[in-house]
Amino acid sequence: MSRAVPRSRTALALVAGAAALAAPLALAAPASGAEAEAVTGSYTVTPLRFTVEAGGRSCAVDADLYRPTGVDAGHPAPAVLATNGFGGSKSDGSTDAIGKAFAERGYVGLVYSGLGFGKSGCLISLDDPEIDGRAAARLVDFLAGGRAADDGTRVDFVTRDGAGDPRVGMIGGSYGGAVQLAAASVDRRIDALVPLITWNDLAYSLAPNAADRTTPGVFKWQWANGFYLMGEGQPLLVPSLDPSRINSLGCLHFVSDACDTVRLLNSGRYPGAETEKMLAYARSVSPVSYVDRVTAPTLIVQGQADTLFNLNEARATYDRLRERGVDTRMIWQSWGHSGGQKPGELDLGQGNLESSYVGQRVLAWFDRYLRKNRTADTGPAFAWYRDWRSGYGTAAGVPALSQRLYLSGDGKLVDNRTKVARGSRTYSNWLFPTSHSESSLAGTIGLPDPRPYDTPGTHLGWTSAPLTGPVDLVGAPKATLKVVSPATERMQGSGDAADKLVLFAKLYDLAPDGTRTLVNRLVAPVRVPDVTRPFTVELPAVVHRYETGHRLELVIAASDTAYSGNRGIKPVTVVSAPEDTGTLELPLIQGRVE
């Protein structure tokens, strides 16, 4: 939910702790002298204020209007609307850059601070379509010429498709990405969307369960608490006398349902009624609940290096929009909330739209849907960044699962069920985390993040033979598992989901020299629905080449430092036999595992 720039540029990794909270506000503070119209060689910038009704409150919205030179009532131009990532404002580096970049290319820009951030009023409501979406729709009214800013400013220079219907697109990342889908779900006048590195389902994002979306998942405590502290600190870090920015002493700056969600997740207890309410709320403010109302053509851009909102989230939104016939394309770029910036990749702060693949696609998208250039090439349905060779791979859709491997009792991954050896192996959790994938705080406070590790006795692994040729994965692997855990079986029907077994599935790349690489530090947390039955785990999607001589290793671990874990000691045994064993399915686009 933080800004749409990579962690290496500091904005997206601002997480837990007071030191981490101070940094985003320094970056996001409104520029000095921004109270009067600014003029550049190619556009003017006019600060504006709007009063909107949202969530039962009257909210001030702080915005900047970018007007290209030569654009007037006789020479109108389409508009681009954008807002900030979590913790930012209209003036932070990436949001301000959007207004400048598109004004320089002839678009009218309206860039605003989201509700609860910068100088905009009201509570943080997690891009609720009925609050944040409706607020964005009021700004579309302004672009249509039917609504004035608080100082009386009106516009008559935005291209219109009809009375009260301006030609407008939206772009932005993370928190500024989901708001686009929220706005488009309540206002069909929006003509094109470009959401970057955003979520599909906050219940999955903050407490993922890679085996069952109906069972509460495993709390992603580092990311979630970091954003919670950042949000609660807004009235102090961005001082304001606006009473609409304050909820209560118990929940300072968020809507109450958001605070209740974080408190329940931190409690470590998930009783039925409270948990159902929490899941329902998280989904109500997520595209998963309202994407069926979105009709605007949508170019989805998601980051391969993203442990907050992984590629599976983009895939879920992409699939649902395309099922309904909405023109939707998807790009998996290198960078996300966890870093991953590569030379030549899109960098809005640098304005490299024409020289980056993603930037070219964005310009073509708006050229087609805002400028109505029917010859504009909007590109393939699906594209992915390849770090092992130049450029992007493309396809008409996301590759399907194409090879099945079997989990042998001797710890091998084999390509034929007849090769499975009978056997069983056991691991157990400790009362503290014994595996590590990432620390979302480490980069923020300048500490190195240790390499991923698993402590012996607290995990199991299955390893392929060395590869005889390169193997390329593009997509989400799936593992079907059956575990034995008597301690869990006795308790899992208690009515508290916290009594169910927790484990973490992940896929390593083992080099010939013994180096283990957890691709983009991605793991699949699982709260096992029922240990008496097999269950299928959808791992986070990856784009990765396994080189010749390397091996694949599937690991299930008892814990992870970035997540909550098991309550109590719960030993786990995995039994394998040729007639009954676990499987791993891979989305291969090149090569084969033998």
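Me: Hi! Before we start on the chain, what does contact mean here?
Reply: Hi! Contact means heavy atoms within 4.5 Å of each other. Keep in mind that we're looking at a predicted model.

Me: Got it. Of the contacts with a separation of 6 or more, what share comes from residues 24 or more positions apart?
Reply: Those residues account for 74% of such contacts in the chain.

Me: And what's the secondary structure made of?
Reply: The chain has 13 helices and 30 strands. Its radius of gyration is 24 Å, close to the 25 Å that the globule rule gives for 594 residues, so the chain is as compact as a globular protein of that length.

Me: Nice. What does the C-alpha trace span along its principal axes?
Reply: About 80 × 55 × 45 Å.

Me: How much of the chain is buried?
Reply: Of the 594 residues, 62% count as buried.

Me: Let's go inside, then. Which residues touch the most other members of the largest nonpolar core?
Reply: That would be F50, F142 and W332, in a core of 58 residues. Helix α3, residues 129–143, gives the most to this core, with seven residues.

Me: What about the second core, how many residues does it have?
Reply: This separate core has 38 residues, including W462, V528, I556 and A558.

Me: Switching to helix packing: how do α6 and α8 sit against each other?
Reply: Helix α6 (residues 221–232) and helix α8 (residues 256–267) pack at an angle of about 140°, and their axes are 11 Å apart.

Me: Is that crossing left-handed or right-handed?
Reply: Left-handed, as α6 passes α8.

Me: Which residues meet there?
Reply: From α6 you have N225, Y228 and E232, and they meet C259, V262, R263 and N266 in α8. The residues of this contact divide into three nonpolar, two polar and two charged.

Me: Why does E489 count as partly exposed?
Reply: Because its relative accessible area is 47%, and partly exposed covers values between the 20% limit for buried and the 50% limit for exposed.

Me: What is E489 in contact with, leaving aside neighbours within four places in sequence?
Reply: V531 and T532.

Me: And how far is E489 from D499?
Reply: The two are 10 residues apart in sequence, and 9.2 Å apart in space, C-alpha to C-alpha.

Key
Residues are numbered from 1 along each chain as its sequence is written. This is a predicted model: local features need pLDDT of at least 70, side-chain atom pairs count only at pLDDT 80 or more; totals for chains, interfaces and linings use all residues. Side-chain values use heavy atoms; hydrogens and water are left out. A nonpolar core is a set of buried Ala, Val, Leu, Ile, Met, Phe, Trp, Tyr and Cys residues joined through side-chain atoms within 4.5 Å. Buried means under 20% relative accessible area, exposed over 50%, partly exposed in between (1.4 Å probe, protein chains only). Helices (H or I, at least four residues) and strands (E, at least two) are DSSP runs, numbered from the N terminus. Axes are lines fitted to C-alpha atoms, for helices over the stretch in contact, and angles run from 0 to 180 degrees between N-to-C directions. A crossing is left-handed if the near helix is turned anticlockwise from the far one by less than a right angle, and right-handed if clockwise. Ala, Val, Leu, Ile, Met, Phe, Trp, Tyr, Cys and Pro count as nonpolar, Asp, Glu, Lys and Arg as charged, and the others, Gly among them, as polar. The radius of gyration is taken over C-alpha atoms; the globule rule is 2.2 Å times the number of residues to the power 0.38.
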